[in-house]
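Dear colleague,

Please find below the structure that I am handing over to you. My notes on it follow directly after it.

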Amino acid sequence: MRHHRQLLGCVSTSLLAAATLVSEPGQLAIIPSWDIQSSERVSTTLEALSQPGVDTTTWNNIDSSRFTIMGGLVTSGAYRENGLFFSNALENFDSSQFKVSWLYRKEFTIDPRPGDHYFLVTHGITSKGDIFVNGQQIASKETQAGAYAGQTYDMTAIAASRNAILIQVYPNDYNYDFSLGFVDWNAYPPDAGMGVWRNVEVKQTGPIALGPLRITTQASLPVDHSSALISLKATATNLENIEASVEVAGTIILEGSSQIYNLSQIITIAPLESVDLVLSTAINEPAIWWPKQWGDQPLYTGQLSVSTNGSISDREERLFGVRQVTSELNSNNDTIFYVNGYPFQVIGAGYSPDMFLRWDNKRFTNQARLSLDLGLNTIRLEGKNEQPELYEIADRLGLMVLPGWECCDKWEAWSYNEDLAVKSNWTAADYTIANRSMYHESLMQQAHPSVLGYLVGSDYWPDDKAAEMYYYSLKAADWQTPIIASASGRGFPQTLGPSGMKMAGPYDWVPPNYWYDLDPEEDRLGAAFGFGSELGAGVGTPEISSLKKFLSESDLEDLWKSPGKGLYHMSTNVSSFFNRKIYNDALWSRYGAPSSLDDYLLKSQIMDYEATRSQFEGYSALWSAERPATGLIYWMLSNAWPSLHWNLFDYYLHPAGSYFGTKVGARKEHVAYDYVKKVIYLINHSIDQEGPRTVVAEVIDTNGNPIYSTTVTTETEPNSSSEILDLSEALVLISDVVFLKLTLNQEGATLSRNVYWLAATIDTLAWGDSDWYFTPVTQYADFTSLANLPTADVSVTMHPLPQRDDSGGERAVVLENHSTFPAFFIRLNLVNEKGEDVLPAIWSDNYVTLWPGERLKLQVEGEGAAAIHVSGGNIEKAEVFL
């Protein structure tokens with residue numbers, strides 16, 4: 001939400017101290033930067049340190065408004081990220097300095113006037129904090145506790161022209177504090193995320209103060225010709241001892257339009273009384289907000305102000321969109337979401353913030369755009385609710401967000417949770433902190449049209465007391481989207497009922513046929529039915545250009561010479577994912593022992609590509625099945641630091657096999673191959689595309705000899721999937737690897753092109769021996785003959801395209817296979833003049849396989865591109881200059 005925030009720019013310390021932070025009622029300003037120091041290095045009392053005029057020149061000056069201690073120290077240059085993240089350097093980092101409290105200090109000026117009031121606003125401090133202003137303590141660690149427990153403190157009585165704020169933050173322990181943990185995702189940050197990781201603000205009001213603005217929208221269906229009731233709501237408090245006549249004004253404005261709706265009323269508020277304000281209006285045929293794949297993202301601005309005697313006393317403002325999100329349990333007790341009345345199959349992945357919780361608008365915007373380019377429509381935030389800007393960026397781009405609390409630490413320390421190594425059962429104080437956290441987060445998120453719902457539990461459901469508390473806090477904040485008990489099906493509280501989601505794995509490598517093997521459902525775990533809230537084959541191997549940024553030469557050798565060794569850039573050393581053994585067993589057996597690091601990385605990208613493609617295709621293909629696949633969250637989208645697994649693009653935003661496999665598998669209109677039934681599915685994720693389509697299926701052997709070819713004309717229906725072709729007879733006699741190409745066309749235009757490499761048999765799964773994170777394979781498919789493909793003659797040429805205003809330079813890349821046999825798995829990497837990766841780069845397709853004589857035109861966009869590095873399964877490496 002926005003409160004006319006002011007954030008002072010990069011100016012000198014003396015000017016920052018002299019500049020007026022807020023100057024009129026209705027303003028809210030962010031504390032723009034901080035000086036930080038360990039409590040071990042100061043001898044003065046906190047009361048004295050919070051007085052103006054204290055010399056902090058020896059402290060660490062951090063030019064940022066929000067950061068953890070480690071994040072601040074990296075920002076200031078005390079530590080270098082590339083050094084911390086290289087090899088196992090972080091393992092040897094001295095974290096003892098974070099076993100004591102640290103201090104955040106800042107001075108600021110205001111212009112106090114009679115009748116004005118001043119408030120300090122927090123949005124969560126990890127793990128907890130004591131707050132002092134001008135020598136007086138205004139909050140203790142008992143009150144200001146929890147990473148998400150925002151509070152507002154009245155500082156009017158102690159406000160002066162020159163002010164100082166001091167916050168003492170305490171060490172954090174994921175098992176005992178309500179914070180943001182990383183479970184087994186990665187190595188833990190040395191400071192465990194302690195600090196003022198969200199903004200602290202100063203707010204100025206007149207005699208009447210407003211609480212956060214809440215906006216509700218009630219749109220009628222169908223949305224094509226709907227009306228909507230829009231309500232602006234806030235709590236108004238009379239801060240004085242006299243009755244006040246208050247003019248309440250509201251405006252609703254459609255961005256980029258002349259549509260303005262003005263609302264007003266006059267009320268009387270008794271001395272020191274709080275009242276709820278509601279201004280409502282009906283809008284005929286409002287601009288409807290849609291997820292990106294389904295339409296546009298129009299946004300409105302809502303503003304509410306209160307005035308006394310003709311002068312503004314306070315105001316609140318925020319963006320919102322008009323849309324409707326609901327969910328239900330279908331006949332299989334699986335959750336299915338609806339957006340604007342349409343069934344919405346969730347195609348998403350699990351987001352991770354930066355390890356040091358450093359927020360970067362540009363970085364997240366790039367991550368969101370990459371997510372949409374992949375074909376995803378949702379990201380899940382497991383206990384990582386991030387900053388307010390995330391939701392506004394998602395609103396503008398049309399990316400749905402599914403936030404919620406996290407697993408495996410204090411948030412789920414329930415008596416019935418037997419998975420915790422350390423269980424700190426909740427006390428009365430804990431329930432209070434959690435309740436404040438829920439209310440704060442719901443206020444921050446509730447008006448954002450991108451929010452799909454809230455998961456009040458992850459692996460486990462909250463107990464009845466917490467569930468009821470969460471529910472009423474959400475409703476008090478006018479929450480309008482689904483409230484779901486947990487991301488798993490283990491149990492549920494009476495207040496909320498079953499979650500309709502499954503969390504049965506996998507998290508490590510499984511073969512492509514895993515997703516299509518549906519019978520019997522009782523032991524088919526993560527296969528493509530129901531709603532899989534976090535699951536995937538665990539892949540996400542970076543390419544060599546990224547690996548060299550964080551792995552030593554010996555680390556790189558370990559990748560292919562020590563396939564079972566624990567690796568620091570996997571998960572934590574006590575997790576089931578500390579090594580790549582399951583993955584490597586499959587790679588060695590399916591594609592042959594690697595002969596070099598390059599060979600290992602090539603085979604890894606092939607494995608990653610087929611793993612993600614099959615998962616997203618499987619869930620998409622079975623969207624209209626008897627038991628529908630109602631949603632999936634791939635585990636994961638991104639990493640908190642450079643990682644060797646669990647991502648769809650790496651820490652540096654470089655796409656590789658897992659990315660391009662997903663991009664194919666999640667296309668809006670697509671044709672996909674079922675590895676188990678050997679049938680072809682026609683997939684349509686749109687809500688408005690229909691009519692005739694032509695599907696071409698071709699099979700050739702590794703020498704380029706044709707085995708099978710057919711063309712099918714069919715009809716596609718919006719938001720559906722259907723089985724259209726059976727290839728079981730065509731493939732029954734194959735004895736070695738073959739290639740299958742599927743092409744979907746509409747009136748001569750190619751909508752989807754998809755090439756598979758298929759072995760004589762599929763991988764054999766031992767379902768009965770499944771663990772919580774994978775299902776063993778007893779016999780692997782044999783793709784070793786791919787290593788014997790002759791070298792193909794492939795040309796790569798570049799052609800500039802007309803540059804759009806928002807383009808970083810889009811180009812056409814034309815590939816042509818001049819050989820009589822296929823050119824397998826061609827990888828293209830965009831680089832700058834120094835030979836460094838262009839990041840991010842958006843490709844229309846990549847890691848492609850060409851038919852004999854085939855010519856394929858791709859498009860790529862990226863800033864500063866100078867050349868393309870070309871490599872692949874059976875082509876010579878090359879560099880093509882632009």
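In these notes a residue is called buried under 20% relative accessible area, exposed over 50%, and partly exposed in between (1.4 Å probe, protein chains only). The accessible areas come from the Shrake-Rupley method with a 1.4 Å probe, and for residues only the protein chains shown count as cover.

This is a predicted model, in which local features need pLDDT of at least 70 and side-chain atom pairs count only at pLDDT 80 or more, while totals for chains, interfaces and linings use all residues. Residues are numbered from 1 along each chain as its sequence is written, and side-chain values use heavy atoms, with hydrogens and water left out.

Overall architecture

The chain contains 14 helices and 49 strands; helices (H or I, at least four residues) and strands (E, at least two) are DSSP runs, numbered from the N terminus. Its radius of gyration is 28 Å, close to the 29 Å that the globule rule gives for 882 residues, so the chain is as compact as a globular protein of that length. That radius is taken over C-alpha atoms, and the globule rule is 2.2 Å times the number of residues to the power 0.38. The C-alpha trace spans about 90 × 60 × 60 Å along its principal axes. Of the 882 residues, 64% count as buried.

Backbone features

One joins D519 and P520, with omega about 0 degrees; P520 belongs to the loop between β30 (483-484) and β31 (530-535). Another joins W635 and M636, with omega about 10 degrees, and M636 is found in the loop between β32 (629-634) and α13 (657-665).

The loop between β30 and β31 also holds L525. Phi of L525 is near 45 degrees, a positive value in a residue other than glycine. L525 counts as partly exposed because its relative accessibility is 24%. Y847, likewise not a glycine, has a positive phi of about 55 degrees. This residue sits in the loop between β45 (842-843) and β46 (848-850). With a relative accessible area of 4%, Y847 is buried.

M194 lies in the loop between β12 (162-169) and β13 (195-196). Its relative accessibility is 0%, so M194 counts as buried. In sequence M194 and R214 are 20 residues apart, and in space they are 30 Å apart, C-alpha to C-alpha.

Salt bridges

The structure holds 40 salt bridges, each being a side-chain nitrogen of Lys or Arg within 4 Å of a carboxyl oxygen of Asp or Glu. Among them is the bridge between the side chains of D558 and K565, at 2.8 Å, N to O. D558 is buried, with a relative accessible area of 13%, whereas K565 is partly exposed, at 39%.

The side chains of D585 and K581 also form a salt bridge, at 2.9 Å, N to O. Both residues lie in helix α11 (residues 581-591), four residues apart, about one turn of the helix. D585 is partly exposed at 33% relative accessibility, and K581 is partly exposed with a relative accessible area of 42%.

A further bridge joins the side chains of E816 and R855, at 4.0 Å, N to O. This pair links distant parts of the chain: E816 is in strand β43 (residues 810-817) and R855 in strand β47 (residues 855-861), 39 residues apart. E816 counts as partly exposed at 26% relative accessibility, while R855 is exposed, with a relative accessible area of 54%.

Surface charge

Which residues gather in a patch of negative charge on the surface? They are D688, E690, E715 and E717. Patches are made of residues with over 30% relative accessible area and no salt bridge; like charges are joined within 9 Å, and nonpolar side chains (Val, Leu, Ile, Met, Phe, Trp, Tyr) within 5 Å. Lys and Arg count as positive and Asp and Glu as negative, with His and the chain ends not counted. The place of a charge is taken as NZ of Lys, CZ of Arg, CG of Asp or CD of Glu. E690 counts as exposed because its relative accessibility is 55%.

With kind regards
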